[in-house]
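This briefing is for a reader new to the structure.

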Amino acid sequence: MADHNPLQTTPLHALHQDNQAKLVPFAGYEMPVHYTPGIIKEHLHTRAMAGLFDVSHMGQIRVDGESIAAQLENQIPADLIGLADGRQKYGLLLNLQGGILDDLMAINRGDHFVLIVNAACKHDDLALLKDNLGNTLQFEMMDDLALIALQGPESADVLSKSVSQPEQDVSRMKFMDVQDLELAGFPCMVSRSGYSGEDGFEISLAAEHAPSLAKAFLSHESVDLAGLGARDSLRMEAGLCLYGQDLDPETTPIEAGLKWAISPPRRAGGAREGGFPGADIILDQFVQGPKRKLVGLLPEGRAPMRTGTQLFDQDSNPVGSITSGGFSPSLGHPISMGYVNTALSTAGTLLQAEVRGKLLPVSVATLPFVSHRYAR
Amino acid sequence: MNMKYTDDHEWARQEGDLVVIGITDFAQQQLGEVVFVELPEVDREVDQGEDTAVVESVKAAGEVKSPVSGTIVEVNEALADTPEKVNEDPTGEGWFYKLRPADPGQLEAMLDEEAYQTLVESLA
């Protein structure tokens, strides 16, 4: 489908070209996979200093109406009624079988909500929300916005120096806080969050101002551009799921290790038990345990084990498959994530992976591979 | 140095009665940072065009096809611990394997420097 349509570009497209980005088609957009330094250097720079990522392809959906949180809870299994103004929470869209249609961030903006959704799913998400909640809530895809992620230990310092008004204090923001800040003179919605496992910020602002803000960030010695390649290796090390690989409509949140995304009030015995698509199946799995589970996987050799690699037990019986895998720049060896039968999901369990016709040793590992360093 | 090339971006070079094989600078640039190389077994007999090695970058895996037929006599063991040599010196220290060619005519028939550069420019 996307092959026949011209690729869309983000507001930072010219900046990517000026920085010799290797551009590839991704979710209907032409996006930078890496710049001149390459994925490994961009990854390590983000872990050590700060990486600037263009994630403007993601969907930013504004939600207006009465009792927004209560209405959204009919589709999302998170505690949104309990979500304070100026906070964001991880959420899921589910089908009637409890399978995952998308994962998202829900932000309480006081008089409205904003949902940040995956690029490849954003049009389907909008249609689903309108179909199910369109009678009472208004949903608008905010196509005139850009989204910039600044990730890494130096990002708070860079943001503090970019704040135009001295009374706005970035250091008071905690992980998953959302504030309006004026950065380099431009009004922005800023959340302290990200997809790298590091401290960091995600900044939404008018598309026309995005190139100037990005250049203001890049004028700091500690900030370098980082592409989707580094974004992927960073999130794998952090054990964070990628929709379309580790999460899909055939996978439930319990299988994916996302129990925590079903907030306590929405669980069995909670104040607002169930009431979301697939609740019966998901709440049953909560108690029974899933038949398969997402685990970390450590290849014993140096050969990366990538998406689609089949897994076998010591007797060569099929036991699962790898959903994400590649090279870990921080650890200097390959890492993978995948689903295995629950009985084999204990850390240390030795399995085999079929790589180019050969069975190679791989062991189950605890996620994340690299510890999170959020500003909690 | 009398380098010959394939349109799949492998190079081959005569050294005595052996042929040394690797991937070109263009190929390593396209792949990005190489993190793993799988090399063939010594003594294996390979046909021209047969998959003999695998080169994996952070982004992707690529197959290396033997530019000529012959018997593998030596592989570059150093790539096991330092696969980045393929990026740093693709036509030197980043060589893949040496083979004893079965048919010298195959090397002659490969692309010469000029023909290969024309191919690379057409891809830019």
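A salt bridge here is a side-chain nitrogen of Lys or Arg within 4 Å of a carboxyl oxygen of Asp or Glu. By that rule, A:Glu73 and A:Arg266 form a salt bridge through their side chains, at 3.6 Å from N to O. The model is predicted, and the points below describe what was computed from it.

**Salt bridges**

- Side chains of opposite charge can pair when their charged atoms come close.
- Over all chains, the structure holds 25 salt bridges.

**Contact between chain A and chain B**

- Chain A brings 15 residues to the contact and chain B brings 16 residues.
- About 1,300 Å² is buried between chain A and chain B, and carbon and sulfur atoms give 49% of this area.
- Of the area that chain A buries against chain B, 46% is supplied by A:Arg302, A:Arg306 and A:Arg356, more than any other three residues.
- Four salt bridges are found across the interface of chain A and chain B.
- A salt bridge also joins the side chains of A:Lys358 and B:Glu38, at 3.6 Å from N to O.
- Seven residue pairs are in polar contact between chain A and chain B, counting pairs with both residues at pLDDT 80 or more.
- On the side of chain A that touches chain B, strand S2 (29–34) and helix H2 (39–48) of chain A each supply at least two residues.
- H2(A) gives the largest share of that side, three residues.
- By class, the side of chain A that touches chain B has seven nonpolar, two polar and six charged residues.

**Second largest pocket**

- The second largest pocket holds about 530 Å³ of space.
- Its lining has 27 residues, and those nearest its centre are A:Lys358, B:Phe36, B:Val37, B:Glu38 and B:Leu39.
- Strand S19 (358–365) of chain A, and strand S4 (34–38) and strand S6 (51–57) of chain B, each supply at least two residues of the lining of this pocket.
- The most comes from S6(B), with four residues of the lining.
- The lining of the second largest pocket divides into 14 nonpolar, three polar and 10 charged residues.

How values were computed: Residues numbered from 1 in each chain as written. Chains lettered and ligands numbered in written order. Predicted model: local features only at pLDDT ≥ 70, side-chain atom pairs only at ≥ 80, totals over all residues. Heavy atoms only, no water. Contact = heavy atoms within 4.5 Å. Buried area = accessible area lost by both parts, 1.4 Å probe. Polar contact = N/O pair within 3.5 Å; in protein donor to acceptor, adjacent residues only side chain to side chain. Nonpolar A, V, L, I, M, F, W, Y, C, P; charged D, E, K, R; others polar. 1 Å grid on protein atoms, 1.4 Å probe; cavity = no way out; pocket = protein on both sides within 12 Å on 5 of 7 lines; lining within 4 Å. Points joined across faces, edges and corners; volume = space filled by probe spheres on them.
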